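Me: Got a two-chain model open here. Can you walk me through it?

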Amino acid sequence: MSNVFSIMLVGVGGQGTLLASRILGDVLLSQGYDVKVSEVHGMSQRGGSVVTYVKYSNGEVYSPVVTEGEADIIIAFEQLEAARSLPMLKKGGKLITNTQKISPMPVITGAMNYPDDIINQIKELDVDIIAVDALKLAIEAGSSKAVNVVLMGILSKIMPFEEKIWQDALLDNVPKKAISINEKAFILGREQYK
Amino acid sequence: MSKLFLGNEAVARGLYEAGCRVVSSYPGTPSTEITEFAAKYDEIYAEWAPNEKVALEVALGAGIKGARSFSAMKHVGLNVAADPLFTASYTGVNGGVVIAVADDPGMHSSQNEQDSRHYAIAAKLPMLEPADSQECKDYIKEAFELSEEFDTPVLIRLSTRVSHSQSKVEICDRQQIELKEYVKNPQKYVMVPANARNRHVVVEERQSRLAELAETSPLNKVEIGGDSIGIITSGISYQYAKEVFGDKASYLKLGMVNPLPTKLIEDFAKKVDKLYVVEELDDIIETHCKKNGINVLGKEIFSLIGEFSQATIAEKILGDKRENVALDVNIPVRPPVMCAGCPHRGLFYILAKHKAYVSGDIGCYTLGAAPPLSAMDTTICMGASISAQHGYNVAGGEDTEKKSVAVIGDSTFMHSGVTGLINTVYNGSNSTIIILDNSITGMTGHQHNPTTGYNLKGDIAQTISIEAVCKAVGVRRVRIVDPYDLKATEEAVVEEMAAEEPSVIITRRPCALLKYVEYNPPLTVDRDKCITCRACFRIGCPSISMKDGKASIDATSCTGCGVCSQLCRFDAIVGGKENV
Ligand SMILES: Cc1ncc(C[n+]2csc(CCOP(=O)(O)OP(=O)(O)O)c2C)c(N)n1
């Protein structure tokens with residue numbers, strides 16, 4: 001149905017995509033939408049590609065998955081994963097990507113090369129892309145693990161919900177001892193989008 | 001109040017609300033979280049059993065005692081539990097017994113793609129299939145009612161997308177259900193031939209009554225949306241179809257997938273011009289329709305292989321495909337890998353170095369099959385490593401005995417490795433078995449097992465000693481090594497492969513992701529000493545990469561395990577342990 005809005009989070013196992021999708025799911029639920037969040041478990045901690053889908057609607061969301069050409073927004077936690085997920089982006093959709101590079105095993109073993117200049121190549125396809133060094137910002141906030149929350153900060157500027165709603169969802173989902181780091185990471189993310 | 005629940009969490013909530021008292025399961029993606037969530041309710045006794053057969057038997061016993069009971073497993077787990085399943089169909093239950101089985105179309109995390117509905121048909125059991133989290137909860141409650149009303153275990157079929165998607169759920173209070181009285185009844189519970197013959201009659205009669213119920217049960221829903229396209233479907237496929245056609249098609253959504261209704265389908269067929277069956281994996285609904293003379297389109301257009309999506313349906317029925325863009329570059333795949341600091345890595349390096357034939361098994365250590373280690377010859381099912389190695393050695397004789405090993409994890413050894421080991425000892429092949437004891441069930445996300453010293457609820461439990469088990473079944477050569485110590489590991493592998501009797505090596509080191517594990521400081525590469533020989537790349541550590549022509553170690557992910565530094569002949573990898 002046309003009134004379903006689709007967001008994809010893509011990254012590398014261990015980068016915290018699951019937590020980000022849960023924060024997003026809570027934000028959307030609090031706004032009264034029907035929401036579905038689809039996660040992939042199992043191999044996700046083992047450094048493989050991970051994909052989560054978040055879909056919402058004023059009406060009903062049926063399928064929990066996003067397929068080619070459907071994503072209104074893709075949030076990529078890593079460059080290569082941004083490139084891999086590109087076919088899922090809707091025409092006119094938005095891609096937010098972390099500029100961090102994490103080499104997959106075929107690159108580590110020398111069997112393949114990490115492609116050069118991914119972000120510029122995506123730009124040349126006339127894709128609306130926001131590229132940010134989220135790792136640097138996360139470290140600035142106090143932990144390299146806060147990349148996910150930096151990216152949620154950027155997303156929060158694109159979506160039409162008040163900052164407070166995001167802050168509440170953040171508090172509900174991050175461990176108590178990491179709250180101040182994550183709040184900082186969220187604000188640093190927000191400042192990236194003008 | 002409505003909340004977002006994972007399908008598996010909603011199943012657990014359903015157990016709580018239905019007054020379920022006993023849960024026994026063995027982990028397996030995508031079913032694992034059901035039992036983990038169930039364990040959070042104090043009212044539910046929940047445990048990890050060593051395997052699915054044991055788990056189901058525990059649930060059956062609790063049901064006989066009169067408690068509402070439950071067991072969860074992945075699709076291949078039901079193969080292991082099939083023996084009690086088929087006969088429990090004959091004995092029936094006392095307190096309700098529900099079994100959730102999670103299929104994995106697309107094999108996100110599985111070794112095959114079997115369709116569990118065949119078990120419901122073969123064992124003559126009712127099977128329900130929810131399509132979202134709310135239905136996961138509701139169907140569990142309905143399943144307990146059916147179980148007690150029809151005196152039968154009830155199967156719930158889940159799939160990866162239902163188990164691992166969150167959607168809205170309305171929660172309710174727990175029903176107060178008392179234990180039912182157990183009344184001795186050997187004709188019903190002692191399945192010797194004389195009794196079983198009578199019970200088979202009861203089973204067939206029960207199936208007919210269930211088939212009648214399927215015609216009118218609200219679990220099977222007709223939604224009319226025009227008379228041109230009709231879709232018969234169930235579970236997640238219903239959601240995909242709905243996303244494509246919305247209310248522009250008519251649906252027969254089957255919440256009960258065994259037994260299937262006939263008249264309901266016939267009536268639905270009459271209302272539409274073109275009738276499709278949309279079902280992932282096998283053609284079970286379709287075959288039922290065709291057997292009853294109902295003309296449907298199913299696997300002529302849809303595949304028997306893999307999972308569907310809304311795109312599959314739009315393409316196969318409407319010929320629609322969405323526009324998209326892609327980069328014109330070769331994007332390297334990103335397969336899962338052994339984590340930095342994984343204790344399995346060093347062993348596989350040694351096995352690769354000695355070109356051993358490796359009879360493999362299932363767990364994180366199956367990643368030893370992937371390049372650059374590439375040190376595994378077979379992976380079949382849990383427990384098969386030890387038994388298949390015995391077969392390989394019996395067929396190959398002394399030559400193969402001296403060049404082969406079996407590898408198996410601690411959880412897998414408890415699951416079904418022990419019986420294989422008994423066979424090896426009893427029938428006397430000189431096999432070498434390596435038990436990779438990382439003190440946890442790693443692959444499925446850190447569940448306790450009989451060797452870890454804790455139970456599902458996190459309480460201290462009796463620890464089963466792997467070495468004592470091996471000795472007790474008659475293995476005289478049992479040795480324990482630290483797999484971070486490559487020299488000691490290599491010595492053990494070489495000596496035990498040469499031994500003229502069955503032997504066991506336990507490689508013992510806790511999983512690097514366990515919270516209590518402390519890391520050494522990260523290692524660094526001395527760029528002046530590194531000659532780019534790439535020896536350290538042979539272990540496939542995700543922390544090691546090439547930077548400006550030399551090896552480089554990522555300080556945030558390196559755990560300082562020191563396996564790579566033992567491979568460097570130029571002492572270029574420094575720091576770590578020495579500095580502590
Ligand atoms: C019959 C069956 N049940 C469950 C599973 C899911 N599963 C795969 S590996 C595994 C256990 C792995 O634990 P362990 O042997 O300790 O090895 P580790 O992953 O810790 O290295 C499980 C439960 C399966 N594949 N087959």
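**Sheet and interface**

Me: Which residue is the bridge partner of Gly230(B) in S11(B)?
Reply: Ser250(B) is the bridge partner of Gly230(B) in S11(B). This is a predicted model: local features need pLDDT of at least 70, side-chain atom pairs count only at pLDDT 80 or more, and totals for chains, interfaces and linings use all residues. Residues are numbered from 1 along each chain as its sequence is written, chains are lettered from A and ligands numbered from 1 in the order written, and side-chain values use heavy atoms, without hydrogens and water.

Me: In what sense do S10 and S11 of chain B pair?
Reply: Parallel, over four bridges, with S10 at 229-233 and S11 at 250-254. Strands are DSSP runs (E, at least two residues), and helices likewise (H or I, at least four), numbered from the N terminus. Two strands pair if DSSP finds at least two bridges between them.

Me: What is the strand order in the open sheet of chain B?
Reply: S9-S11-S10-S13, with mixed pairing. S9 (220-223) and S13 (274-278) of chain B each have a single partner strand, so one side of each lacks a neighbour in the sheet.

Me: Switching to the interface. How many residues of chain B are in contact with chain A?
Reply: 58, against 62 residues of chain A. Contact means heavy atoms within 4.5 Å.

Me: How many salt bridges across it?
Reply: Five. One of them joins Glu323(B) and Lys91(A) at 3.6 Å, N to O. The rule is a Lys or Arg side-chain nitrogen within 4 Å of an Asp or Glu carboxyl oxygen.

Me: Which strand of chain A is joined to S8(B)?
Reply: S2 (34-38) of chain A, antiparallel, by two bridges. Ser38(A) has Ser165(B) as its bridge partner.
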